Amino acid sequence: VLTDHQDLNNTELKTIKNTTAPRQYRIRAKLRTYKPQKLHQSVKLHCSKCNSLQEVPDGDEFDFILQRSAITAPNPELHNTSWYESLMWTTEDQKERKIAIHFVKHDEMLQQPEGTLLMIEGGTLKEIWKLTERFKCVIPVRSAEDDLELLDLSAPFLLQGNVKYYGCKHCSAPKPMRHLSSIAAEQQPSWEPTEIAQVLGIELLQYVFIMKFTLFDGTGALNAYLFDY
């Protein structure tokens with residue numbers, strides 16, 4: 001029972017279903033079913049531009065994309081530009097992966113880790129999460145012909161703390177990483193996800209909470225949907 005809207009009398013669900021929307025009602029009903037059964041499945045990704053909804057990809061999918069992109073070795077010709085400084089090394093494991101990290105500079109200087117955006121090539125999921133503990137923003141990238149570029153948009157294009165940011169595959173038109181230099185040139189770069197997404201041509205997906213309830217009062221059943229950011 002909802003305890004507010006005391007000024008409205010209870011209306012049977014049968015009556016509500018036979019009238020045209022929009023109207024305001026107060027009901028007294030039982031919760032017959034709810035979906036999804038597991039709370040974590042209620043979180044989806046929503047694109048406000050095309051209004052699409054998608055599942056939040058799991059860590060295994062991200063790990064697979066990282067492994068696939070690590071096959072292409074970092075291109076040394078794309079290292080140490082005017083707006084980022086690069087480090088590259090080879091891992092000592094059997095695969096001998098080549099990893100490159102590009103630290104974005106501000107006023108030609110490296111910033112404190114908590115204010116730094118970095119781009120990583122060839123890193124594993126575990127290595128990327130370690131970097132997010134120390135640095136403000138981490139962007140997984142790969143070498144293209146003449147610039148660094150984002151991975152498949154099935155992967156997050158940005159990680160900040162323990163939050164993964166995704167872009168809409170249908171509405172995004174990813175741009176090369178050199179477009180980030182415009183933010184690096186600002187007086188005080190904030191590295192806000194919305195600003196990063198905008199300069200990289202990404203339509204940012206928002207995390208939304210969605211549930212479906214079936215209400216029943218003996219006269220009929222009604223589906224109620226909860227949708228919120």
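Is Tyr-84 buried or exposed? Tyr-84 is buried, at 2% relative accessibility. The views below show this residue and other sites in a predicted model.

**View 1. Trp-83 and Tyr-84 form an edge-to-face pair.** The ring centres lie 4.8 Å apart, and the planes meet at 85°. Planes over 60 degrees apart count as edge-to-face, so the pair of Trp-83 and Tyr-84 takes that label. Trp-83 is buried, with a relative accessible area of 11%. The model holds 2 aromatic pairs by this rule.

**View 2. Phe-103 and Phe-135 form a tilted pair.** Their ring centres are 5.8 Å apart, with the planes at 55°. The pair links distant parts of the chain, 32 residues apart. Phe-103 belongs to strand S5 (residues 98-104). Phe-135 sits in the loop between helix H3 (125-134) and S7. Phe-103 is buried, at 16% relative accessibility. Phe-135 is buried as well, at 13%.

**View 3. The largest nonpolar core has 26 residues.** Met-119, Ile-139, Met-177, Leu-180 and Ile-196 touch the most other members. Strands S6 (117-121), S7 (137-143) and S8 (148-150) each supply at least two residues of this core. A second, separate core of 16 residues includes Leu-118, Ile-120, Ile-128 and Phe-135. In soluble globular proteins, nonpolar side chains tend to be buried together.

**View 4. Ile-139 and its contacts.** Neighbours within four places in sequence are left aside. Ile-139 then contacts Leu-117, Leu-118, Met-119 and Ile-120, among others. Further contacts of Ile-139 include Leu-150, Phe-157, Leu-158 and Met-177. Leu-180, Ile-196 and Leu-200 also touch Ile-139.

**View 5. Thr-11 lies in the segment before helix H1 (13-17).** Thr-11 is buried, with a relative accessible area of 18%. Buried means under 20%, so Thr-11 qualifies. Beyond four places in sequence, Thr-11 is in contact with Ile-16, Tyr-25, Arg-26, Ile-27 and Asp-217.

**View 6. Val-163 is in strand S10 (residues 163-165).** This residue is partly exposed, at 30% relative accessible area. Not counting residues up to four places away in sequence, Val-163 touches Leu-158 and Tyr-207. The C-alpha atoms of Val-163 and Thr-132 are separated by 9.4 Å. These two residues are 31 residues apart along the chain.

**View 7. Leu-53, Phe-227 and Tyr-229 make a nonpolar surface patch.** The patch covers about 330 Å². Phe-227 lies in strand S12 (residues 221-228). Phe-227 counts as partly exposed, at 41% relative accessibility.

Methods:
Residues are numbered from 1 along each chain as its sequence is written. This is a predicted model: local features need pLDDT of at least 70, side-chain atom pairs count only at pLDDT 80 or more; totals for chains, interfaces and linings use all residues. Side-chain values use heavy atoms; hydrogens and water are left out. Helices (H or I, at least four residues) and strands (E, at least two) are DSSP runs, numbered from the N terminus. Buried means under 20% relative accessible area, exposed over 50%, partly exposed in between (1.4 Å probe, protein chains only). Contact means heavy atoms within 4.5 Å. A nonpolar core is a set of buried Ala, Val, Leu, Ile, Met, Phe, Trp, Tyr and Cys residues joined through side-chain atoms within 4.5 Å. Patches are made of residues with over 30% relative accessible area and no salt bridge: like charges are joined within 9 Å, nonpolar side chains (Val, Leu, Ile, Met, Phe, Trp, Tyr) within 5 Å. Accessible areas come from the Shrake-Rupley method with a 1.4 Å probe; for residues, only the protein chains shown count as cover. A salt bridge is a side-chain nitrogen of Lys or Arg within 4 Å of a carboxyl oxygen of Asp or Glu. Rings of Phe, Tyr and Trp (its six-membered ring) pair if their centres lie within 6.5 Å; planes under 30 degrees apart count as stacked, over 60 as edge-to-face and the rest as tilted.
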